[in-house]
Amino acid sequence: MTQTIGPVLGEATVQELREAVRGNVVTPADAGYVEASHAWNGAYDGRRPALIVQCTGAADVIAAVGFARGNHLDIAVRGGGHSVAGLSTVDGGIVIDLGPMSDVTVDAGAKRASVGGGAVWADVDHETQAHGLATTGGLVSTTGVAGFTLGGGIGWTMRKFGLACDNLAGADVVTADGRLVHCSETENPELLWGLRGGGGNFGIVTRFELDLHPLGPMIYAGPVFYPADAARDLLVAFREWAAEAPDEVTGVVNLTSAPPLPVIPEEWHGKKVVAFIAASTGPVDSGAGLVRRMRDVAEPIADLLGPMPYGVLQSLLDPLWPKGIHAYFKAVNVSGLDDGLVDRLCAVHLEAPGPQCEIHVHQMGGAVGRVADDATAFPERSMPYVVNAVTGYQDPDAGDAHRDWARAVADAAGDAATGRAYVNFLGEKEDARAAYGEDKYARLAALKDAYDPTNVFALNQNIAPRASA
Ligand SMILES: Cc1cc2nc3c(=O)[nH]c(=O)nc-3n(C[C@H](O)[C@H](O)[C@H](O)COP(=O)(O)OP(=O)(O)OC[C@H]3O[C@@H](n4cnc5c(N)ncnc54)[C@H](O)[C@@H]3O)c2cc1C
């Protein structure tokens with residue numbers, strides 16, 4: 001008897017795929033389905049894919065794409081599974097999970113890493129630091145290299161080394177028609193242009209080639225926590241400090257609640273606080289001078305800014321973001337931090353509905369701003385700050401309150417919002433034309449026509465092929 005899985009699949013059909021791939025093919029009838037269907041972001045644990053293919057290499061990915069197309073299945077591609085808009089899982093479709101493809105090899109002489117399409121930043125940091133090298137990765141080390149890099153990639157070293165996508169030197173890509181193509185500055189350069197910020201629109205990247213830079217093992221970095229009533233002074237000081245800071249240092253102001261960590265006095269746990277967090281890629285002994293101005297703003301609750309291993313910085317926030325937590329973000333690019341915006345951010349901070357509601361004000365500029373705007377698909381390099389409302393919660397019933405609050409943070413940007421957006425910080429599938437702007441969107445759409453004219457890869461901040469527009 002043939003067991004039907006989803007609207008079209010029978011066991012015999014699935015068996016064909018099992019025979020075609022080396023990785024596991026997991027259906028609702030298999031033990032381990034629930035675990036395999038869950039991406040990292042618990043907000044989307046309720047989705048029920050028809051099957052998950054845990055790919056071990058590019059050949060599996062090609063087979064999975066062909067199978068999906070042959071059986072008219074929606075495709076969700078999973079790297080690290082952190083998508084805040086739930087784009088790496090799908091009801092009734094196929095999840096092409098690159099998780100097993102997490103190998104990283106380093107060519108120290110060429111300062112280049114070859115990274116599997118399912119690696120997370122912890123994998124990259126582990127191997128690259130063994131050579132005293134690093135590249136721009138995420139603030140949480142369990143975030144996938146794939147989604148992060150393809151969308152742009154904002155991290156602690158970006159003002160010196162560039163965004164993650166600026167360090168993308170080449171890639172192997174499985175296209176919608178099942179070809180495996182390579183791109184670099186000299187081979188299919190327009191595809192490389194699109195992968196540097198255009199997300200997963202053009203194919204499934206099975207291997208990333210990332211540029212590396214000397215760094216560590218010790219760097220100068222960490223957070224300083226202040227009471228929430230210092231937030232206004234801190235943001236104003238940040239505005240002045242950020243305008244003059246050298247590329248070596250990248251800073252973030254975080255309006256949050258004190259996490260229950262032993263390094264923070266217990267009486268502050270769960271109370272509203274504001275943190276200044278910075279990291280320097282420069283010599284360790286020049287770090288204190290770079291951040292002195294920010295340190296003097298108010299009496300700190302806890303000052304943890306000092307020399308630390310780069311690997312420690314990269315995993316510092318991991319305990320606050322365990323697998324299965326519900327994560328929702330909402331972000332806006334802003335043209336500046338005027339007094340009105342500072343006041344509105346301070347006010348909305350106090351209305352946060354839970355302990356893990358954070359307003360990150362990312363300092364941009366430096367190497368990020370010096371790349372020509374048309375050199376990569378990443379939209380808008382001139383914005384001085386990105387304001388990101390970051391929420392995490394365990395109780396699914398708390399979702400509405402957290403999403404509403406995150407939207408209120410974005411609304412607080414008012415006239416300072418530039419209209420462009422960083423696609424990786426969007427909590428929903430949104431209008432990609434607005435995120436990228438008309439000109440860039442038109443160039444991305446032409447690339448989509450060339451590589452995915454029927455929109456096989458639609459679960460992303462989607463660039464619609466012009467044929468279907
Ligand atoms: C806790 C947390 C911390 C974060 N911190 C940062 C940060 O510091 N800086 C920052 O810039 N962003 C950050 N983000 C946002 C992050 O960049 C995005 O969520 C990113 O998409 C995650 O990549 P992933 O591979 O884990 O995602 P996934 O959920 O696996 O995929 C996300 C998107 O990428 C596509 N995709 C995934 N793998 C591939 C592939 N191999 N080929 C083609 N397309 C693929 C998917 O189809 C999907 O559209 C954070 C997110 C979370 C939840």
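Student: In which loop is His 72 found?

Tutor: His 72 is in the loop between helix H3 (58-70) and strand E5 (75-78). Keep in mind as we go that this is a predicted model.

Student: Why is His 72 called exposed?

Tutor: The cut-off for exposed is over 50% relative accessible area. His 72 has 72% relative accessibility, so it counts as exposed. Its phi is near 55°, a positive value in a residue other than glycine.

Student: Is Glu 380 buried or exposed?

Tutor: Buried means under 20%, and Glu 380 has a relative accessible area of 15%, so it is buried. Glu 380 sits in the loop between H12 and E21, and its phi is positive too, near 65°.

Student: What makes Trp 121 and Phe 148 an edge-to-face pair?

Tutor: There are two things to check. Ring centres must lie within 6.5 Å, and planes over 60 degrees apart count as edge-to-face. The centres of Trp 121 and Phe 148 are 5.3 Å apart and the planes stand at 70°, so the pair is edge-to-face.

Student: Which parts does the pair of Trp 121 and Phe 148 tie together?

Tutor: Trp 121 lies in helix H4 (residues 121-129) and Phe 148 in helix H5 (residues 145-151), so the pair joins parts that are 27 residues apart in sequence. Both Trp 121 and Phe 148 are buried.

Student: Why is the pair of Phe 378 and Tyr 422 called tilted?

Tutor: Planes under 30 degrees apart would be stacked and over 60 edge-to-face, with the rest called tilted. For Phe 378 and Tyr 422 the angle between the planes is 55°, with 5.8 Å centre to centre, so by these cut-offs the pair is tilted. Phe 378 belongs to the loop between helix H12 (367-370) and strand E21 (385-393), and Tyr 422 to the loop between helix H13 (399-412) and helix H14 (432-436), so parts 44 residues apart in sequence are tied together. Phe 378 and Tyr 422 are both buried.

Student: Which residues do ring pairs link into a cluster?

Tutor: Phe 238, Trp 241, Phe 276 and Tyr 385 are linked in that way.

Student: How do you know that the charged end of Arg 443 sits over the ring of Trp 193?

Tutor: One part of the test is that CZ of Arg is within 6 Å of the ring centre; the other is that CZ is within 35 degrees of the ring normal. The charged end of Arg 443 is 3.8 Å from the centre of the Trp 193 ring, and it sits over that ring.

Student: Which residues make up the covered face of E7?

Tutor: Val 104 and Val 106 do, while Thr 105 and Asp 107 are on the uncovered face. In a regular strand, side chains alternate between the two faces of the sheet.

Student: Why is Asn 167 called buried?

Tutor: The relative accessible area of Asn 167 is 2%, so Asn 167 counts as buried, the limit being under 20%. Asn 167 is in the loop between helix H6 (158-161) and E10. Its side chain reaches the backbone oxygen of Leu 163 at 3.0 Å.

Student: And what makes Tyr 310 buried?

Tutor: Tyr 310 has 1% relative accessibility, so it counts as buried. Tyr 310 is found in helix H10 (residues 310-315), and among the residues it touches are Asp 125, Thr 157 and Pro 217.

Notes. Residues are numbered from 1 along each chain as its sequence is written. This is a predicted model: local features need pLDDT of at least 70, side-chain atom pairs count only at pLDDT 80 or more; totals for chains, interfaces and linings use all residues. Side-chain values use heavy atoms; hydrogens and water are left out. Rings of Phe, Tyr and Trp (its six-membered ring) pair if their centres lie within 6.5 Å; planes under 30 degrees apart count as stacked, over 60 as edge-to-face and the rest as tilted. Helices (H or I, at least four residues) and strands (E, at least two) are DSSP runs, numbered from the N terminus. Buried means under 20% relative accessible area, exposed over 50%, partly exposed in between (1.4 Å probe, protein chains only). A polar contact is a pair of N or O atoms within 3.5 Å; within protein, one must be able to donate a hydrogen and the other to accept it, and residues adjacent in sequence count only if both atoms are side-chain atoms. Contact means heavy atoms within 4.5 Å. Lists of a residue's contacts leave out its neighbours within four places in sequence.
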